[in-house]
Each structure stands twice: as C-alpha cells, then as structure tokens.
Amino acid sequence: LFIVLIGISTILIARTVNSLMESYFKKASNRLRMDITAFRMFRHITVAAIYFMGIVIVVSSIDGLRNLSVALFTGAGIAGIVIGFAAQSTLSNIIAGLSLAMFQPFRVGDRLNIMNEYGKVTDLNLRHTVITTWDNRRIIIPNSMISNEAIINWTIEDPAMIWPIDVGISYDADIDQARQI
C-alpha cells in the first residue's frame, strides 16, 4: 500500500510541477520574452529528478530491495561506463547541447556564420543544430562540432548588421574632401 501511495503521489507531483512550470513560463515569456530552449531542459530535468526521488523512496522502503539495489546500482555504474565509451560521440553531442542551451552563444532565430556558412538558426536540440542558409539549404550540424567551431553571431545584440566597405579614390584626388564626402 505504501509503495502504491508513493508511486501515485510521485506521478501527481511530477505532473503538477510540470504543468505549473509550463503555465508560469507562458505568463513570464509574454512579459519577458524568455528563451524556450533553456526552460525546456530545466523543466525536463526537474520532472526527471522528481521521478528519480520517488523510485529511490520506494526502493529504500523495502528491506530486500535495499541490499539488492546496492548491487544493481554498482552494476548500473559499470554498465554506464561501458555504454559511455560506446556512445562517446552521442554523449558529447548531448553535453554540448546542454552547454549551448545554458550559455546561449546563439538562439533560435539568430543569424550567424559557422563553418564557412551564413544562415539562420531554425532548430536547436540536444543532439544537433539546424541552420537554414540564404539559398534555403538546411545544414544539420552536430553540437559537438559547434562547440569546437568559431561562431560569428550577427544578431545576438542588435539585428542591424555592420559590413565594412572599401572605397577607393584616385591618387591625385583631394583626401580631405573625400573624407568630408
């Protein structure tokens, strides 16, 4: 009965927190124009932590499972290391995606130069970033490559772009008059 009660209350608490966070974000984003990427990750991590706490409470409340859980968590740790080595590139993309969401060198909608391409960021998730170029090509770049690449973000502060323009004048022209013009 205790296990069922903890299971139901964990599900109810997780769903309530999820809906409260989502409604708060909708209200706050109307006023503050918050970025949705970082908020989604924070919300998912919070809900996952609530479920994890519920599982830990259930496992620790059963005497037979308490000793077994130590062995299972040890085995899971070793399996995690093996899986980590096997899925190293995928995990590096996920960690780079979390880093991009937290530090936000660019956001969805920004225009940037990356890997000798100019385009607009149309999607940013944990695994990859999608850039739509001026000629409507979609470049899908793994996040681990982006974290190692130099980025020029043209719209991070001000959407107006400044481009240098070289102006040449004749050698026999008046330089002071050209500067005035």
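**Exercise 1.** What radius of gyration does the protein chain have, and what would a compact globule of 181 residues have?

*Solution.* Take the radius over C-alpha atoms; the globule rule is 2.2 Å times the number of residues to the power 0.38. For a compact globule of 181 residues the radius would be near 16 Å, whereas the protein chain has 26 Å. Next, consider the box: along the principal axes, the C-alpha atoms fill roughly 95 × 40 × 30 Å. Finally, burial: 22% of the 181 residues count as buried, that is, under 20% relative accessible area (1.4 Å probe, protein chains only).

The model is predicted: local features need pLDDT of at least 70, side-chain atom pairs count only at pLDDT 80 or more, and totals for chains, interfaces and linings use all residues. Residues are numbered from 1 along each chain as its sequence is written, and side-chain values use heavy atoms, without hydrogens and water.

**Exercise 2.** How many bridges join strand 1 to strand 2, and how many join strand 2 to strand 3?

*Solution.* Strands are DSSP runs (E, at least two residues), numbered from the N terminus; two strands pair if DSSP finds at least two bridges between them. Strand 1 (residues 111-114) and strand 2 (residues 117-124) run antiparallel, joined by 4 bridges. Within this pair, Leu112 has Gly119 as its bridge partner. The two form a hairpin with 2 residues between them, and Met115 in the turn has a positive phi of about 55°. Continue to strand 3 (residues 128-133): 5 bridges join strand 2 to this strand, again antiparallel. Here Lys120 stands opposite Thr132, and the hairpin has 3 residues between its strands.

Note on methods: Buried < 20%, exposed > 50% of the residue type's maximum accessible area, 1.4 Å probe, protein only.
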